Structures are given as C-alpha cells and as structure tokens.
Amino acid sequence: MDSISNPYTPNAGAAPEIVVGRDDQLDAFRVLLSRLERGRTEQSMIITGLRGVGKTVLLGQFLDIANAARWEVVEIEASKHDDVRFRQAMFSQLKAALLRLSPRARWSERSRRAAEVLSAFAVSVDLQGTFSVSWDVPPAEGLGDHGDLGMDLTDVFVALGEAAAEQERGVALLVDEVQFLGRAQLEALIQAVHKTVQRRLPITFVGAGLPQIAELAGDAKSYAERLFKFPRIGSLSDEDARKALVEPALVEGVVFDDDAVELAIEITQGYPYFLQELGYQVWGVASSGRVHREDVEIAKEAYESKLDGSFFRVRLDRATPLQTAYMRAMAELGPEPQKAADVARVMGRESTQVGPTRAELIDMGLLYTPEHGYAAFTVPDFDRFMRRAAPELIVPEVQRRKRKDE
Ligand SMILES: Nc1ncnc2c1ncn2[C@@H]1O[C@H](COP(=O)(O)OP(=O)(O)OP(=O)(O)O)[C@@H](O)[C@H]1O
Ligand SMILES: [Mg+2]
C-alpha cells in the first residue's frame with residue numbers, strides 16, 4: 001500500500017496514531033497536576049522502561065495534558081553534562097518558563113523575586129567564570145547562591161512555585177533520559193521537590209529513563225522513595241498490541257485478518273517500537289484494503305533487517321571491541337540479567353578484569369543493573385541480535401594475537 005498513507009510511527013519519540021496501554025500513567029499524571037493545583041501533596045513519578053517501550057511518547061502525552069491544564073512545561077533531555085552545564089541548562093529553561101508565566105512588564109513582587117533567585121542561581125556559576133547571565137536582573141542575596149546545587153535548585157523551585165501559585169498556574173519539569181543525570185543533579189531535583197511538596201507549591205519534576213536501580217544513597221534515597229513512584233512500562237498486553245496495530249490501519253480504512261494480527265504479536269512480543277516497525281513494513285507489502293497473514297510473513301524479513309541495520313546496529317557501532325566482546329559473552333548466557341562473574345567466566349577473565357568494561361556499558365546506557373551484581377541489556381532482544389551479529393564468541397586476547405600473526 002501507498003507509503004504516504006502509512007499510519008505507523010517507527011521513530012524514536014514519535015507519537016503513535018493511538019497511544020495504548022498507558023492509561024494508568026496518564027491518569028496518575030492528571031491526578032498529580034490536579035492535586036498540586038489544589039495545594040495538596042501527591043507522589044510524582046519517574047517512568048522506567050527499556051529502550052523503545054514508549055517513555056518519550058508518554059512524556060509527550062504528559063506535555064499535552066499539562067498544557068491543557070495551563071501548566072508551564074519545561075522539557076529537558078538529560079545528557080552527561082557536568083553540574084555547571086546542568087545549572088546553565090536549568091537556568092535558561094526555567095527563566096524562559098518564568099517569562100512565559102509572567103511577562104516582564106507585568107511582574108509582580110513574587111515574579112520579580114523568582115527572577116532574582118534565578119539570577120543568583122546562575123551567578124553562583126558565573127563566579128567560577130563559566131557562563132554569564134544573559135539578563136540584567138540583579139541576583140537575590142542569600143537565595144540560590146549557596147554554591148550547593150541541591151540548596152540552590154530548591155530555592156529556585158520554591159520561588160518559581162510561589163510565582164506560579166500566585167497566578168493559579170503550575171510548572172512541570174519533564175526530564176527524559178534521567179539515567180544520564182549526574183548523581184548530584186538527580187539528588188538536587190529530588191531535594192527541590194521535597195521542599196516544594198512541604199510548601200504545597202504547584203511545581204513538580206516528572207522523569208523517564210532506563211530501569212536503573214536508583215543510584216541514590218542516604219537521605220536522597222529515603223526522600224525519593226516517599227516522593228516518587230517508579231512505574232515501569234514495557235511491552236503491551238496482547239489486547240493492547242492488537243489495538244496498536246489494528247487501529248491506525250482502520251483510520252486508513254484497512255482491516256487486518258485475525259491470524260495476521262496473531263503472527264504480528266508473536267513476532268514483536270508486543271514491544272511498542274517493534275509493533276510500529278512491523279506495521280510499517282507490512283503496510284508496504286499488503287496490496288489491498290486487507291492485511292493477510294501472508295503479508296506479515298513476507299514483511300518479517302524486511303522488518304528484521306531494518307532492526308538489525310538500525311535499531312540494534314547503532315548501539316553496537318558505539319561499542320569498542322572489548323565492550324562488544326562483553327555484550328557477546330552476555331548474549332551467550334541468554335536474555336536474562338546476568339551476574340558479572342558469569343560473564344567474566346564466559347570471557348575467560350576475572351570479574352575484576354572486565355569490571356571497567358561493564359561499568360562503561362552501563363554508563364553508555366547499553367546495560368542496566370536491575371539488582372546489585374547483575375546487568376541486563378537495555379534493548380529488548382539484544383541478546384539474539386548479538387548472536388546474529390557475532391555468531392562466534394569473541395575472546396579479546398585471541399583476537400589480538402591473531403592480528404599480530406597476520
Ligand atoms: N503506547 C504506545 N502504543 C503504540 N506505540 C507506541 C506507544 N508508545 C510508543 N510507541 C511507539 O514506540 C516507539 C518507541 O517510543 P519511544 O521513543 O517513546 O520509546 P522510548 O521508551 O522513549 O525509547 P528510548 O529508551 O530508546 O528513548 C515509537 O515508534 C512510538 O511511536
Ligand atoms: Mg526515549
């Protein structure tokens with residue numbers, strides 16, 4: 001069928017024709033905003049899930065809900081910035097949010113105060129000569145300028161929350177790829193929310209990221225557990241997977257045979273990204289207003305080579321030979337989370353020798369640690385891909401010796 005009418009969205013963060021299976025999280029977000037608006041407290045959330053399950057899409061839905069409720073939204077995609085760059089990014093985004101909330105010409109006492117605290121927040125970085133404040137608001141004294149990220153961000157959140165409350169509005173920070181925040185950065189956000197909850201202010205932070213065990217210690221951890229829910233999203237139930245596949249086609253007047261849907265669910269296991277990619281390929285194969293099982297069978301090859309050539313491949317392309325060998329050894333052991341010691345054994349090494357490689361892979365977001373001592377792939381089905389990409393185990397030492405002989 002014609003590719004212009006193809007209703008599937010196999011692209012990172014692309015809002016699908018219909019978002020299925022996320023009603024619980026969407027409701028929780030609506031409740032969160034409504035309660036904060038009324039000066040009540042509510043646990044915020046950090047959505048967790050593997051690559052391609054729809055975390056970014058969900059944050060996009062939150063954005064729509066927040067906008068409809070007239071909240072100001074600050075969208076941030078975290079990356080591995082040092083604390084100075086983080087502060088800089090926060091400053092410019094929160095400043096923009098304040099200006100949207102209240103144009104400068106109409107600043108009240110509270111809005112001006114928030115602006116001054118923001119200036120102080122930025123200036124305390126500026127003193128280290130790193131970036132200069134791009135507006136002429138004098139910095140507040142004694143607020144936002146302690147030089148401690150957590151304390152400073154807390155002051156900013158409180159001031160901004162008060163400015164928003166005065167206007168009967170709210171501010172929501174939506175942070176994607178939370179696992180890339182530095183520890184001090186995540187702790188600072190949590191600390192800030194801790195204070196605004198106590199003050200019952202309409203400002204919050206909602207995150208999404210890989211299902212990393214919260215790498216937080218001490219106080220921050222105990223706050224985090226009280227202040228946030230950590231809902232995990234994953235593959236869709238069979239019923240929802242069916243909807244995700246069938247309904248976009250119906251919009252274009254195309255109907256799936258039941259056995260075609262069954263096969264598609266079996267192939268994709270209901271993973272949102274896989275469903276979109278398979279749907280997309282099937283669309284190209286089917287020739288009438290009806291999709292038959294045979295169309296899905298034929299599309300499967302193009303679907304698999306598309307995944308191998310892009311979704312999976314981009315991860316492998318970023319890996320060094322040693323990292324690749326590590327992931328191949330993990331794949332040898334199967335799809336489940338694997339113990340560091342077992343992977344090392346497959347590689348013929350000691351845990352301590354390959355520990356740094358494992359840490360690098362976690363840092364890059366290719367592996368995550370579901371529980372202490374274990375690591376798993378962040379990409380669904382990556383173990384099978386590794387076996388296809390490297391049919392034989394890779395033993396790094398042997399490889400090196402071979403190269404010398406050549
Ligand atoms: N609820 C849903 N129903 C149907 N399709 C969905 C749903 N959520 C996401 N998708 C589709 O799945 C794909 C992945 O979505 P998204 O980019 O949001 O995942 P992600 O979890 O953010 O992945 P990553 O960790 O790689 O950033 C997209 O093609 C999107 O259109
Ligand atoms: Mg994403």
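How many nonpolar, polar and charged residues are in the shell around ligand 1? I looked it up in this predicted model: the shell has 12 nonpolar, 7 polar and 4 charged residues, with Asp, Glu, Lys and Arg as charged, Ala, Val, Leu, Ile, Met, Phe, Trp, Tyr, Cys and Pro as nonpolar, and the others, Gly among them, as polar.

Ground rules for my numbering: residues run from 1 along each chain as its sequence is written, while ligands are numbered from 1 in the order in which they are written. Local features need pLDDT of at least 70, side-chain atom pairs count only at pLDDT 80 or more, and totals for linings use all residues; side-chain values use heavy atoms, leaving out hydrogens and water.

Next I checked polar contacts (N or O pairs within 3.5 Å). A polar side-chain atom of Arg 51 is 2.9 Å from an oxygen of ligand 1. Gln 276 puts a polar side-chain atom 2.9 Å from a ligand nitrogen. For Tyr 273, a polar backbone atom lies 3.4 Å from a ligand oxygen.

Last, I looked at domains, whose bounds come from an automatic or database assignment. Domain 1 (23-229) and domain 2 (238-315) both give residues to the shell, so ligand 1 lies between them.

Terms used
A polar contact is a pair of N or O atoms within 3.5 Å; within protein, one must be able to donate a hydrogen and the other to accept it, and residues adjacent in sequence count only if both atoms are side-chain atoms.
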